[in-house]
Structure formats: structure tokens, C-alpha cells
Amino acid sequence: MERKMAMHPTRIDLKSNTRKTAIELLNARLADAIDLALVTKQAHWNVKGPHFIAIHEMLDGFRATLDGHVDTIAERAVQLGGQAQGTVQTVAEKTALKPYPTDISKTKDHLAALIERYGAVANAVRAAIDEADEAGDADTADIFTAFSRDLDKSLWFLEAHVQEKE
């Protein structure tokens, strides 16, 4: 059963429709970001292979970056008068990501799974930039822009591991 979104009063001078749209966008991307942070740690713990330490440490850095964006996204939803929806139950219900395989350990398998998910989130965040801008919330668009830059950088790092020339 879908609940009506409660809006708390704020002196932020955006129209209520703009705020509602932005809060919905923020919570949708929040679910994806939390899911991506969790699967990044899943890979970090379970990766095996000759490049273990490099991948293990790289993923720790990715997780720290994601956690910063998760906090910024959640706080923006609340600033706009909404509520951040970041419980495990909500994330499981709302994430756009495919479930992460928990039976893999090879580096190549983790990289493939992470590349797919980082690419999906990066593309969804890029779309959210435009949607927030069209709704009239430049600040939320800016938050998504910063997130997009970091996702693209992480995706580049991941893809570079599998793009070796023969």
C-alpha cells in the first residue's frame, strides 16, 4: 500500500510540487546508492585472486565515497520537507538494481557484477540531474551532478581492470 508523502514545512522557497518531485527523486536514488554501497562491501569482503589487495582497497575507497553521497542525498530530502527512506526494507523494495550474486569470489566475476551496477546507478543519476533541473531544483541537480562525477570515476576504475590489451 503506497502512503501519501508527508511534507514538513520549510522556508525553502521552492514550490511544493518541485519539492515533492525532488524528494521522490532523492529517495529513489538513495535506495540505489545504499544498495550499491552494500554490494560494494559484499565484493570487498569476498573478492579473491591475484589482484586481491588492489581490488579490496579500491572498493573500500568506493564505499567511503558512496557513504558521503548517501548522507548528502538523504539530508537533502529532509531539508526539502520530506523524509529520507533508507531502511533495509525500503531499499530492498525500491532499489532499481538487480540482486548481487552472493556465490561468487573470482575477481573477474565481482568486477563484472560491479561494472553492471555502477553503470546502472550512474545512468539513473544522470537522468535524475535532468529531472531535478526540469522540476526547478538546481540544488538537488547539483547534488546528483557531484554523485554522477564520482560514479563515473569509480566505473572507469572498475572498467580499466578488464580492458587490458592482449
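Guide: Let's start with Met7, which counts as partly exposed at 30% relative accessibility. On this scale, buried is under 20% relative accessible area, exposed is over 50%, and partly exposed is in between, using a 1.4 Å probe and protein chains only. Met7 sits in the segment before helix 1. Helices (H or I, at least four residues) and strands (E, at least two) are DSSP runs, numbered from the N terminus. Although Met7 and Gly81 are 74 residues apart in sequence, their C-alpha atoms are 5.1 Å apart in space.

A word on the ground rules. This is a predicted model, with residues numbered from 1 along each chain as its sequence is written; local features need pLDDT of at least 70, and side-chain atom pairs count only at pLDDT 80 or more. Totals for chains, interfaces and linings use all residues, while side-chain values use heavy atoms, leaving out hydrogens and water.

Now step back to the whole chain. There are 5 helices and 0 strands, so along the sequence you read α-α-α-α-α. The C-alpha atoms fill a box of roughly 55 × 30 × 20 Å along the principal axes. For 166 residues, a compact globule would have a radius of gyration near 15 Å, and the chain's 17 Å agrees with that. That radius is taken over C-alpha atoms, and the globule rule is 2.2 Å times the number of residues to the power 0.38. Of the 166 residues, 42% count as buried.

Ala37, in helix 1, is buried at 3% relative accessibility. Ser148 and Val125 are 23 residues apart in sequence, and their C-alpha atoms are 6.1 Å apart. Then there is Ala127 in helix 4, which is partly exposed at 33% relative accessibility. Ala127 and Ile23 are 104 residues apart along the chain and 15 Å apart in space, C-alpha to C-alpha.

On to the charges. Searching the whole structure turns up 11 salt bridges, each being a side-chain nitrogen of Lys or Arg within 4 Å of a carboxyl oxygen of Asp or Glu. Here are three of those pairs. Lys20 pairs with Glu24, and their closest N and O atoms are 2.8 Å apart. Because Lys20 and Glu24 are 4 residues apart in helix 1 (residues 16-46), about one helical turn separates them. Lys20 is partly exposed at 38% relative accessibility, and Glu24 is partly exposed too, with a relative accessible area of 40%.

Asp139 and Arg76 also form a salt bridge, with their closest N and O atoms 3.9 Å apart. This pair links distant parts of the chain, since Asp139 is in helix 5 (residues 138-160) and Arg76 is in helix 2 (residues 52-79), 63 residues apart. Arg76 is buried, with a relative accessible area of 6%, whereas Asp139 is partly exposed at 49%.

The remaining pair is Glu93 with Lys94, whose closest N and O atoms are 3.7 Å apart. Glu93 counts as exposed at 61% relative accessibility, while Lys94 is partly exposed at 41%.

What about charges outside such pairs? Asp130, Glu131, Asp133 and Glu134 form a negative surface patch, and Asp133 lies in helix 4 (residues 107-135). Patches are made of residues with over 30% relative accessible area and no salt bridge; like charges are joined within 9 Å, and nonpolar side chains (Val, Leu, Ile, Met, Phe, Trp, Tyr) within 5 Å. Lys and Arg count as positive and Asp and Glu as negative, with His and the chain ends not counted. Each charge is placed at NZ of Lys, CZ of Arg, CG of Asp or CD of Glu. The accessible areas come from the Shrake-Rupley method with a 1.4 Å probe, and for residues only the protein chains shown count as cover.
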